[in-house]
Amino acid sequence: MSNTNNTKQLAAAITLPTAIALIISSMIGSGVYKKVAPMSDTLQSPWLVMICWLLGGLISLAGAISNAEVASLLAGTGGEYRYYRTIYGKFFAFVFGWANFAVIKTAAIASIAYVFTQSFNSLFPLPELLPQWAGVNIGGWFYPFDNLSVKLFTVLVIVLLTFVNIRGVKLGGQISKLLIILVLLGITTIIVFGLSSGQADWSRLSQNATGYVSPGWGGLVSAMFTAMLAAFWAYEGWNTIGYIGGEIQNPNRNLPIILFWGVMTVITVYLLANLTYLVLLPVDQLIEIRKSTNSIAAVEAIKSFWGAGGGYFISILILVTTLASTHTTILLAARTYFAMAGEGVFFKGADEIHPKYQTPSKALIYQCIWTCGLVFSGSFDQLTDMLIFASFLFYGATTMGVFILRRKMPDAHRPYRVWGYPVVPVVFIFFCIVLIGNTLINQPREALLGIGLIATGLPFYYFWNKKLQD
C-alpha cells in the first residue's frame, strides 16, 4: 500500500504584512469598480446599496473569523483541502479540490486575466487576428477563435505570471504587495478627491430612482438578497489565504490576524469607494450605466470631476487591480493541488517542489495549462455562474467544521477561538443554506450543471484511490 501522507513541506517564507497584502489582493478585483451599477438597478435606492455593501461585508467577516478558528488549528499548505481531510475525510476534500481545479479557481484566473486584457486592449488596441474564424464553434457553446488576439494576450499574461510564481513565493508575494499598494493608493486618491470635489452631492444618497415604488417587505428582502449576491462576489477570495498556510511564518497565530484585518480593510475600501460613486452620480445615471455594455460606473464617476484624464487614470488603475488579482489567485490556488497530489489524488508530479525556488512548480504548470484552455473556451464566466452555490457550500462546510472540531478535538490547543461563538458561525451557516437553496430553486439548470462539473472528478478519484490501495 502506498503512503498517502504528504511529507513534502514548502518553506515558511511569507511574513505577516505580505500575507495581509495577499488576502487584500485576492479580494479586490473588478467588483470595486463595476458592481455599484447592477446593485443600483436592482434596488433603485443609494442607501439600500450602501446597506447591502455593509451587510455583505459583515457576513463575509463572520465567515472569515469562523474560518480563522479552523485555520489556526489545522494550518498547512492546501487550506480547506487540508481542513476537510481532517473534518470530513478525503473524499469530500477531493471534491473541493477538484471543483477548484475544474472551474472555481481556474475559471476565476481566466476571467480576471481576460478583464485585464480587455482593459489593456481599450488603451492599446491589439491587432485583430483571424476574424473570418470568429464564428467557428463547438456545439454553439465554445468559440475558440472569437476575439482571438485578446485571448492569446490573456494566455501570455497567465503564462508569465505562472513563471513569476514558479520563481519563488517571496518574489510572488513581494510583487503582490507592490501591486496592491498601488491599487490602494489609487482607490484612496479617487475617494479623497471624489468626496471633496464640487461634483459630490451628498443629497444624492436620499434620492431614489425616478418612478421608484416601494416593493413592500417581501419584495424588498428579495431585492436585497439579489443585490447582495453582487457584493458577495466582490468580497470573494478571503478563504484562499489558507491555501498557503504552510508557507506563512507562525501560521497558527498569524492566520486569524490576516483574515480579520484583510477582510476589514476590504470592507472599508468597498464602502468608501461605493459611497464616492453614489455621491458623484445620481442613481438614475448608474441604472443607465448598468444597461450599457460599454460603460463602467467608476470610470463615469471619475470623469465627472477629472474629465478625460480621469478616465485614463481609472483605466490604468483597473489594469493594475486585475493584474494584482490574477497574480495572487495563481499564487494561492495551486497550493491546493500540491496538497492533493501529496495524498495521491491528483495528477502525477504535482506535489514536486522546485529544487531551486522551493515552489510547487508542477502544480502551477498544471493549473496554467487548464486555465489557458478555459480562456479559449470563452465560457469561464458561465462556468463560474454555475458554481456560485458550490462556493458557499464549501464556505458553510468550513464553518460547520468549527462545531465538529470542538467535539472531535476538544482538548486541542486553539490559538484562536471564533468571537461570538456560537451565534456568529450559526448566522453564517444559515446564510449559506439560504443562498444554496435559493440557487437550487430559482436557477436549477445552473445548479445541476455545476454539480455535473464537480462530478467529472469522480472517475479520477476512484482511479487514484484504487492505485493507492494496490
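**Core, cysteines and surface**

Guide: In this predicted model, the largest nonpolar core has 144 residues, and those with the most contacts inside it are Ile28, Tyr33, Ile187, Trp238, Ile241 and Ile314. Helix α12, which covers residues 297-342, gives the most to this core, with 22 residues.

Visitor: Which residues does isoleucine 28 touch, leaving aside residues up to four places away in sequence?

Guide: In soluble globular proteins, nonpolar side chains tend to be buried together. Here, with those sequence neighbours not counted, Ile28 touches Val183, Leu184, Ile187, Val266, Val269 and Tyr270, as well as Thr321 and Ser325.

Visitor: How many disulfides does the count come to?

Guide: A disulfide is a covalent bond between the sulfur atoms of two cysteines. In this model the count comes to zero. Cysteine 52 is in no disulfide, and the nearest cysteine sulfur, that of cysteine 432, is 17 Å away; cysteine 52 is also buried, with a relative accessible area of 0%. Cysteine 368 is likewise in no disulfide, because the nearest cysteine sulfur, that of cysteine 372, is 4.1 Å away, whereas the pair would have to lie within 2.5 Å. At 10% relative accessibility, cysteine 368 counts as buried.

Visitor: Which residues make the nonpolar surface patch of about 400 Å²?

Guide: That patch is made by Leu129, Leu130, Trp133, Val136 and Leu152. Leucine 152 lies in helix α7, residues 148-166, and counts as partly exposed because its relative accessibility is 38%, which falls between the 20% and 50% limits.

Notes. Residues are numbered from 1 along each chain as its sequence is written. This is a predicted model: local features need pLDDT of at least 70, side-chain atom pairs count only at pLDDT 80 or more; totals for chains, interfaces and linings use all residues. Side-chain values use heavy atoms; hydrogens and water are left out. A nonpolar core is a set of buried Ala, Val, Leu, Ile, Met, Phe, Trp, Tyr and Cys residues joined through side-chain atoms within 4.5 Å. Buried means under 20% relative accessible area, exposed over 50%, partly exposed in between (1.4 Å probe, protein chains only). Helices (H or I, at least four residues) and strands (E, at least two) are DSSP runs, numbered from the N terminus. Contact means heavy atoms within 4.5 Å. Patches are made of residues with over 30% relative accessible area and no salt bridge: like charges are joined within 9 Å, nonpolar side chains (Val, Leu, Ile, Met, Phe, Trp, Tyr) within 5 Å. Accessible areas come from the Shrake-Rupley method with a 1.4 Å probe; for residues, only the protein chains shown count as cover. A salt bridge is a side-chain nitrogen of Lys or Arg within 4 Å of a carboxyl oxygen of Asp or Glu.
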